[in-house]
There are 4 protein chains.
Amino acid sequence: MDFEEIKKEIEAFVKEELFSLEPWILNIEWEKKLPKLNELREKVKSKGLWLPQISKEYGGLGLTNAEHGEVSEILGASPYGHYCFNCQAPDAGNMEILIEFGTDEQKEIYLYPLLKGEIRSCFAMTEPDHAGSNPIKMGTIASKENGNYVIKGHKWFTSGFDGASFAIVMLVSDPNGSDPHKKASQVIVPTSSQGLEFVRNISIMGHPGGGWESHAEIKFHDVKVPLTNVLGADGEGFTIAQKRLGPGRIHHCMRWIGMCERAFDLMCERAVSREISEGVMLGEKQTIQNWISECRAEINASRLLVQDAANKIDTLGAYKTRSEISIIKFYCAQVLQKVVDCAIQVHGAKGVTDDTILASYYRHERAARIYDGADEVHKSRLARSILKKYKLDYK
Amino acid sequence: MDFEEIKKEIEAFVKEELFSLEPWILNIEWEKKLPKLNELREKVKSKGLWLPQISKEYGGLGLTNAEHGEVSEILGASPYGHYCFNCQAPDAGNMEILIEFGTDEQKEIYLYPLLKGEIRSCFAMTEPDHAGSNPIKMGTIASKENGNYVIKGHKWFTSGFDGASFAIVMLVSDPNGSDPHKKASQVIVPTSSQGLEFVRNISIMGHPGGGWESHAEIKFHDVKVPLTNVLGADGEGFTIAQKRLGPGRIHHCMRWIGMCERAFDLMCERAVSREISEGVMLGEKQTIQNWISECRAEINASRLLVQDAANKIDTLGAYKTRSEISIIKFYCAQVLQKVVDCAIQVHGAKGVTDDTILASYYRHERAARIYDGADEVHKSRLARSILKKYKLDYK
Amino acid sequence: MDFEEIKKEIEAFVKEELFSLEPWILNIEWEKKLPKLNELREKVKSKGLWLPQISKEYGGLGLTNAEHGEVSEILGASPYGHYCFNCQAPDAGNMEILIEFGTDEQKEIYLYPLLKGEIRSCFAMTEPDHAGSNPIKMGTIASKENGNYVIKGHKWFTSGFDGASFAIVMLVSDPNGSDPHKKASQVIVPTSSQGLEFVRNISIMGHPGGGWESHAEIKFHDVKVPLTNVLGADGEGFTIAQKRLGPGRIHHCMRWIGMCERAFDLMCERAVSREISEGVMLGEKQTIQNWISECRAEINASRLLVQDAANKIDTLGAYKTRSEISIIKFYCAQVLQKVVDCAIQVHGAKGVTDDTILASYYRHERAARIYDGADEVHKSRLARSILKKYKLDYK
Amino acid sequence: MDFEEIKKEIEAFVKEELFSLEPWILNIEWEKKLPKLNELREKVKSKGLWLPQISKEYGGLGLTNAEHGEVSEILGASPYGHYCFNCQAPDAGNMEILIEFGTDEQKEIYLYPLLKGEIRSCFAMTEPDHAGSNPIKMGTIASKENGNYVIKGHKWFTSGFDGASFAIVMLVSDPNGSDPHKKASQVIVPTSSQGLEFVRNISIMGHPGGGWESHAEIKFHDVKVPLTNVLGADGEGFTIAQKRLGPGRIHHCMRWIGMCERAFDLMCERAVSREISEGVMLGEKQTIQNWISECRAEINASRLLVQDAANKIDTLGAYKTRSEISIIKFYCAQVLQKVVDCAIQVHGAKGVTDDTILASYYRHERAARIYDGADEVHKSRLARSILKKYKLDYK
């Protein structure tokens with residue numbers, strides 16, 4: 001199968017298998033939808049579309065970053081697209097990290113079952129008591145005793161903890177180290193570890209959710225794991241986190257663009273089918289036309305910005321592309337919010353009901369402007385890095 | 001008790017009794033919160049604060065429109081404020097209409113139990129197949145047969161139908177009438193009537209809700225009610241609807257301003273208490289300061305616009321104030337959305353959780369820009385009425 | 001004449017005498033328009049409308065602040081309104097200050113000719129090398145020698161310096177003083193003083209202007225004036241500046257609202273008279289309708305906010321009203337810009353021509369968001385003062 | 001010279017020769033700057049950079065559309081860039097049209113002198129009495145008599161008429177024709193023709209301008225030109241106009257992006273050099289940082305959108321790219337306005353002076369949202385063409 005065929009197959013799968021599940025699947029509990037989703041996962045495997053983002057060596061399709069970006073847009077049109085293809089966050093990121101930094105033993109125990117879809121994982125980084133934008137400032141500390149990390153700390157927004165087999169935990173392993181970028185480590189912690197308290201699935205926008213559709217609050221009460229559970233080496237936590245961010249954001253943004261296109265489609269379909277007075281369709285009102293055109297322009301701009309960043313990551317590396325990566329974070333998040341808002345408004349009362357996917361987008365994607373660094377943090381960072389070029393001694 | 005005392009008492013009640021119930025009450029089913037709320041209603045009665053908006057003759061506090069506006073702002077800070085004082089929509093509007101247009105018999109059966117809080121009611125106007133902005137265009141038709149209305153039709157967003165004793169139904173009673181403003185009637189229909197199908201509580205932003213926190217889809221299959229169930233006279237439906245709108249919107253907007261002030265408070269409290277780096281509070285960031293100042297300005301502007309409209313209704317009547325009433329609808333709805341959005345962003349990840357009331361405001365108040373006529377409809381109407389003054393023959 | 005008659009007379013004057021001069025008067029040099037304007041000033045005097053803002057004792061109409069606010073809105077519809085009634089900035093502010101703080105001798109020499117309109121004056125505060133938002137930080141310094149102030153410094157945006165008889169100069173008279181609010185003084189400096197260099201009329205938006213329609217850059221090279229030229233007492237410069245600000249901003253904002261109403265009128269007249277296709281008027285397009293309604297709402301909100309601030313100044317004093325005064329500064333400036341922008345867009349190509357007053361508003365009123373403290377400075381200050389109430393130790 | 005060298009040379013020329021002329025050249029009359037500009041034109045010729053957009057066959061550099069787009073961005077940083085390289089509107093468009101549709105005789109008389117820079121030309125399309133967005137609806141009519149067109153009509157915004165040798169006039173040559181797209185012709189009219197009245201250079205934003213920096217109002221009183229003066233064939237006016245639009249808009253938008261980059265540069269330079277309080281630079285304020293980052297994102301998005309449209313024109317042709325062409329019109333115009341507005345605000349009072357180029361951008365580029373079809377017209381058209389794909393029978 002060449003890439004064009006792959007895309008066509010994936011698109012057909014999303015439209016035929018996933019869209020048809022709505023709105024049923026949007027409005028039931030996690031456990032009830034799981035059997036159906038696992039059935040669909042088998043279908044994906046049987047079609048040879050499993051793990052699009054993973055190299056062929058590890059059983060995936062071996063797509064480039066740019067190609068997986070396109071796939072991510074297609075999958076993003078359904079909230080279950082990425083899960084069915086086993087490229088959902090945070091598992092996809094964990095797979096990448098384990099492939100690049102995992103020891104043979106770590107791969108055996110954690111990576112291979114993850115690739116097969118037998119287990120799920122999570123990534124514990126955000127903390128309730130520390131501003132999320134600074135991965136160096138953290139309250140979760142690991143001391144080293146008798147060949148073990150002993151972890152104390154408090155995390156939340158640990159997405160998918162509920163039901164996961166292990167967590168990759170970002171923590172401070174050298175609190176007194178002189179180099180702030182070498183204080184942190186990433187450590188694999190089985191979720192069954194003693195002292196690891198599952199406080200709750202945080203209720204978000206009216207739902208605590210469950211499974212990978214959840215965001216846990218957890219506490220570490222002297223949780224012990226062997227020092228060999230570290231990823232890469234002790235002190236490399238920050239470097240690994242950086243690695244994760246660049247390509248991850250490309251796929252994230254492309255997923256958002258997938259949602260934008262879905263919402264745009266729904267908006268246009270509504271505009272041509274809703275009669276507002278004798279023979280006058282909603283789409284003939286100029287306000288609606290303004291929204292459609294502005295959304296079209298901004299979605300196109302979003303995609304071009306993300307593709308541009310993806311190409312630069314491929315050619316120059318993620319570090320030299322960090323300005324572009326900041327840009328797509330805040331630009332696309334804001335476009336997503338605008339497009340969904342317009343699409344809802346065009347639907348009138350129906351827009352706030354769960355009869356379409358829009359209300360779900362509306363409430364769940366509000367977080368887009370917050371997670372992975374609030375938009376304001378990215379804007380501030382980007383501006384400072386731009387201003388440095390104008391004055392060498394600019395702080 | 002003079003008005004200042006009344007306000008103080010109500011404010012204390014809202015803060016002590018209602019705020020303390022959050023977030024518990026925001027995240028449970030309707031049935032579970034009902035006993036607590038009814039207990040609070042008794043407390044309100046015992047304090048002599050019941051029915052602030054109703055004249056003393058009918059057992060209320062006899063506040064003026066402007067005064068009840070101020071009360072409505074205070075109550076609006078809690079989603080349960082209006083319910084506890086028995087001035088929640090749509091019951092409050094139904095009470096008003098029954099007091100002004102009800103026959104003695106209608107008052108006996110429907111009004112008095114409503115005033116006492118023994119029953120609830122609903123108002124069936126919006127239809128899924130007709131643009132809501134035009135109360136004359138409706139698909140629900142009543143023919144007259146043997147002293148009865150025989151009603152066929154399809155309504156949705158009938159708020160609080162679930163558990164209500166009766167509905168006031170807006171319908172077309174004279175489909176071929178020459179005067180479009182005399183085609184409609186408002187008819188009282190007991191919810192237990194034969195042929196009245198309760199299709200569902202519509203799931204909105206992830207929840208179907210229940211009780212008065214619900215929005216039903218219902219169908220009328222030849223539902224029969226006696227002609228004496230009409231409010232006012234046959235053909236007066238449109239006139240009565242107009243009556244309802246003006247003062248109702250004042251109270252609605254003041255309720256929104258109550259929410260704005262609540263969200264504003266939460267935003268400021270977060271700004272002074274969240275440390276973002278060594279000794280630097282979130283509130284020292286200029287972006288946050290911009291939001292606080294813009295929100296303050298726009299909330300103040302909202303309140304002044306609503307008070308101005310209220311005073312004009314009192315002195316000039318609702319008809320001559322319809323431009324001001326349109327203005328507050330779209331202006332305040334948009335301010336509410338902005339304030340809630342800023343407050344969430346200031347809270348970061350916590351803002352999308354149900355640990356504060358903000359996420360609830362965010363999803364439920366999205367409808368503010370849609371119901372009672374979408375903002376765009378009001379803008380269009382207002383502009384046309386303004387332009388008429390510039391050219392007499394302007395359509 | 002009671003106030004309603006005064007307003008009617010003024011409104012008639014503005015419409016009949018001033019509107020009819022456009023666009024001729026908008027597009028010629030200062031010197032050419034001066035004879036006509038001075039002729040109109042005589043007319044104003046003869047109608048008994050001269051100096052509306054000044055007490056009867058000093059030969060004015062004795063209007064209250066709130067009343068003069070209404071007059072200021074009417075006059076603001078023409079760029080020459082305030083000049084013709086001798087209440088233009090900065091002369092009006094200088095008159096106020098001289099009345100309150102001037103000695104008999106200062107009044108004799110400076111105030112009375114100003115009231116009669118025989119001379120003009122200016123106010124030198126802003127400096128090119130210091131951020132304008134902080135009246136304490138200044139580079140213009142006066143040392144005291146032999147009964148004289150000896151002034152060194154550099155000012156710009158000294159409006160109306162060109163042709164003025166004297167300047168009131170804000171300067172630092174006690175650079176080493178411990179109380180920062182007592183370092184500054186306001187000193188009267190005749191423009192003919194030796195060492196006072198008129199560098200240029202700054203070209204603004206394509207025109208250097210002249211007369212009171214100009215903004216000078218000036219330098220003080222050891223300019224000597226007697227110590228008796230101080231206003232109030234030495235060290236009171238800051239206090240006097242504060243006095244000036246509150247009521248001044250009310251009148252400024254009302255003048256802006258006058259411009260808004262003028263632009264709004266032009267927009268509506270265009271909307272009802274421009275045919276865009278067979279029988280379809282521009283005003284029937286929904287985008288235009290949106291603009292008209294949003295502008296209407298925001299102009300109304302502006303006026304209510306200004307009136308509210310004016311009433312609070314009258315009852316609570318300017319100091320306790322400083323939050324409201326900050327709000328009207330940035331809120332009204334932004335509304336003015338929006339209304340003018342919309343009105344231009346509705347005019348199409350004609351909107352950027354000087355065939356209407358809109359292009360003149362557009363370029364000259366861009367400064368509204370900058371002068372008297374940039375909007376961002378006001379937002380930041382206001383937010384900090386709001387946050388103080390949430391935490392006493394907030395800086 | 002390869003393209004990279006060409007760009008480098010042009011960039012150096014713009015920075016060294018053109019930037020250094022500001023602000024002198026921005027604030028003087030046309031006639032005074034002409035000698036200097038013509039001297040610079042000779043310099044451009046001598047460096048072999050003349051006519052970048054024209055094929056080598058006709059004496060130009062033979063750049064592709066995409067390449068000239070890049071050049072246009074560089075030239076756009078100065079208001080005199082395009083003129084010095086003889087690729088200014090409307091001459092550049094007229095050259096293109098004459099190359100493609102001109103007869104040998106037309107080329108001899110009009111094209112070659114234009115290419116050499118010996119004469120200037122103009123393009124008369126917009127009419128005061130007809131909405132500019134519809135090139136079919138026009139009031140300028142040519143009847144055919146004795147081998148001549150006899151033209152009656154009224155045009156304005158005929159840019160550069162003042163001093164031009166000829167105009168290409170868009171007119172209706174077949175008013176009763178059944179095919180609306182074949183009613184119009186483009187006809188060459190020498191400006192010295194009898195009956196061609198030069199009413200005025202329209203004063204725009206305070207200046208009537210002159211030379212190619214002017215926009216004339218003209219009237220045709222039975223102006224006679226031979227039928228052989230038609231471009232292409234009679235009735236082809238609309239087709240030729242379409243030809244002109246696509247690539248023209250690419251260059252226009254790239255010119256705007258050049259201005260955006262210039263304004264962005266000035267904004268950043270100000271941010272790092274302006275101290276707002278003891279040791280605190282303006283660029284450390286978060287509001288400024290927000291503007292810098294948002295502008296950076298939107299300028300990047302603009303460029304990518306324009307490049308994408310350019311590539312599509314090259315591969316698919318202008319007709320199939322008309323949606324993308326509409327998008328860049330309104331998207332880039334709005335970004336230009338935002339960037340200039342932010343840059344001015346960052347400059348404070350200096351921003352509205354003519355000490356920088358920003359005030360000139362501000363007032364002259366306001367028209368960007370209006371000319372070549374107001375943004376609203378493009379949005380409306382684009383939306384209708386999008387909606388057609390959703391419903392075949394959509395009008």
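**Note on the predicted model**

1. Strand 5 (residues 184–190) of chain A is mostly covered, six of its seven residues being buried. A residue is called buried if 20 or more other C-beta atoms lie within 10 Å of its own, exposed if 12 or fewer do, and partly exposed in between, with C-beta atoms placed from the backbone. Helices (H or I, at least four residues) and strands (E, at least two) are DSSP runs numbered from the N terminus.

2. On the basis of the note: this is a predicted model, in which local features need pLDDT of at least 70 and side-chain atom pairs count only at pLDDT 80 or more, while totals for chains, interfaces and linings use all residues. Residues are numbered from 1 along each chain as its sequence is written, and chains are lettered from A and ligands numbered from 1 in the order in which they are written.

3. Strand 5 of chain A runs antiparallel to strand 4 (residues 166–172) of chain A, and seven bridges join the two. Strands pair if DSSP finds at least two bridges between them. One of the bridges links A:Leu171 with A:Ser185 in strand 5 of chain A.

4. Chain A is assigned domain 1 (3–88), domain 2 (121–234) and domain 3 (239–390); such bounds come from an automatic or database domain assignment. The centres of domain 2 and domain 3 of chain A, taken over C-alpha atoms, are 30 Å apart. Seven residues from domain 2 of chain A and seven residues from domain 3 of chain A form the contact between them. Here two residues are in contact if their C-beta atoms, placed from the backbone, lie within 7 Å. The side of domain 2 of chain A that touches domain 3 of chain A has four nonpolar, three polar and no charged residues. In this classification Ala, Val, Leu, Ile, Met, Phe, Trp, Tyr, Cys and Pro are nonpolar, Asp, Glu, Lys and Arg are charged, and the others, Gly among them, are polar.

5. B:Ile370 lies in the loop between helix 11 (358–364) and helix 12 (375–390) of chain B. B:Ile370 counts as buried because it has 22 C-beta neighbours inside 10 Å. Beyond its neighbours within four places in sequence, its contacts include A:Gln345 and A:Val352.

6. Chain B also meets chain C, with 30 residues of chain B in contact with 30 residues of chain C. Helix 8 of chain B supplies the largest share of the side of chain B that touches chain C, 13 residues.

7. C:Gly117 occupies the loop between helix 6 (104–116) and strand 1 (121–124) of chain C. C:Gly117 is partly exposed, because 19 other C-beta atoms lie within 10 Å.
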